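Welcome to a short tour of this protein model. Take a moment to look it over, and then we will visit a few places together.

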Amino acid sequence: MDVLLNYDEAMLRSTAREFLEAECPPSLVRQMEKDVKGYPDSLWQKVAELGWQGMALPEKYGGLDLPLVQLGLILEEVGRAVAPLPLHSTVVAALTIARDGSEAQRAAILPEVVKGQTILTWAFTEQDPRLLPETIHTQAVADGKDFVINGAKLFVDNFAAAERCLVVCRTAPASSDNAGLSLFLVDTKSPGISHTPLVTLAKDRQSEVVFHDVRVPGANLIGKLNQGAPIVERMLDRATALLCAQMLGATRKDAEMAIEYAKYREAFGQPIGAFQSIQHICADMIIWIDGGNLLTYEALWKMDQGLPASVEVSQAKAFCNEKCEAVVRFSQIIHGGIGFMMELDLHLWFRRVSAWTMRLGTTYEHRARIARALLDFPGRVVLGRPVPVVPE
């Protein structure tokens, strides 16, 4: 992987940054926190004209067929501007349909996504927030050619604005052959669906969604019945890596504001940036952000190359969860008391970064995933008991 941006990538990032600086001031972000939909239609259509929704989708359906690395650059700039756009949820679901959906599903959904006429989302999390197959209890039961879904999902992003939602359901008990999961493309206006907006730290649009006897055509099954776990795992990995990119964009902007403030805020007759303790904090912030960037884009690059990337995804998220949160907290400290005032825009970045660190897996979950890939667990080890003997 080349860690430096090539000319096209640098131009893409520069263009996206200039566009969002002109079109998405902090005043718009504040305004959309009170808006029912949470995003402005005009901005959504403008980014569609730039091709962002279809950036990594196949050309056959109107997309640009560019690598995930370049989509990551766009989401990094979206995070930098804390732009109120349902881009992350839409591209994650669209990429899953492009990768694992049927030809009919792709033809029906993807061209509308590229044009900015369809917003998508996906629903996995239930009462147990871990990203594991055994946490799924929402059921889909076959009824003739249809399936009937019953259950509830939490923290579904942009559900109120979305026309379609990818819903992870249990269609069979877990077995040695599969996890018993299936993925369905559900119309969000289907009878039997209700949703309750959740008040979140980021003030974004997330919902609790309840499915009561929701009938879904069998043709809306993504992939094969009971074989959805690998599809879902790939979807969550893409979502996690792209969220890391978005988180890093916001974190870098937050750090830049703190560093700039340290240059001009005076204490004891000199800028606070002259004090060694502040200098060390500023240096650490940039080191952590650059480290997160390297891990995130390695994960995206591996996905582009068709290489296994689950460990790299978890490395990026575990690192970003801790270091991005540390950066925005230190930024608050550098700003002092003013940093905690709602009138100052700094909290727009702090709240979103803090919220994103809690989405798509905690540091502990991702460390456990890395450990499972690195270590062999032949038996259950319990403190105070002999280590199990592995038969030869």
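Let us start with lysine 153, which is buried, because its relative accessible area of 0% falls under the 20% cut-off. Keep in mind that this is a predicted model. Lysine 153 sits in strand β3, which covers residues 146–157.

What does the side chain of lysine 153 reach? Another is the side chain of glutamate 126, with which the lysine 153 side chain makes a polar contact at 2.8 Å. Leaving aside residues up to four places away in sequence, lysine 153 also touches several others, including Ile136, Thr138, Val167, Val168, Ser207 and Phe211.

Now for the surface. Met1, Val3, Leu4 and Leu294 form a nonpolar patch there, and together they have about 400 Å² of accessible area. Leucine 294 belongs to helix α8, made of residues 276–304. With a relative accessible area of 48%, leucine 294 is partly exposed, because this value lies between 20% and 50%.

How many disulfides does a search of the whole structure find? The search finds zero. Cysteine 24 is in no disulfide, and neither is cysteine 282. The table gives the nearest cysteine sulfur for each.

| Cysteine | Nearest cysteine sulfur | Distance |
|---|---|---|
| Cysteine 24 | cysteine 324 | 19 Å |
| Cysteine 282 | cysteine 324 | 16 Å |

Cysteine 24 counts as buried at 5% relative accessibility, and cysteine 282 counts as buried at 13%.

How values were computed: Residues are numbered from 1 along each chain as its sequence is written. This is a predicted model: local features need pLDDT of at least 70, side-chain atom pairs count only at pLDDT 80 or more; totals for chains, interfaces and linings use all residues. Side-chain values use heavy atoms; hydrogens and water are left out. Helices (H or I, at least four residues) and strands (E, at least two) are DSSP runs, numbered from the N terminus. Buried means under 20% relative accessible area, exposed over 50%, partly exposed in between (1.4 Å probe, protein chains only). A polar contact is a pair of N or O atoms within 3.5 Å; within protein, one must be able to donate a hydrogen and the other to accept it, and residues adjacent in sequence count only if both atoms are side-chain atoms. Contact means heavy atoms within 4.5 Å. Patches are made of residues with over 30% relative accessible area and no salt bridge: like charges are joined within 9 Å, nonpolar side chains (Val, Leu, Ile, Met, Phe, Trp, Tyr) within 5 Å. Accessible areas come from the Shrake-Rupley method with a 1.4 Å probe; for residues, only the protein chains shown count as cover. A salt bridge is a side-chain nitrogen of Lys or Arg within 4 Å of a carboxyl oxygen of Asp or Glu. A disulfide is a pair of cysteine sulfur atoms within 2.5 Å.
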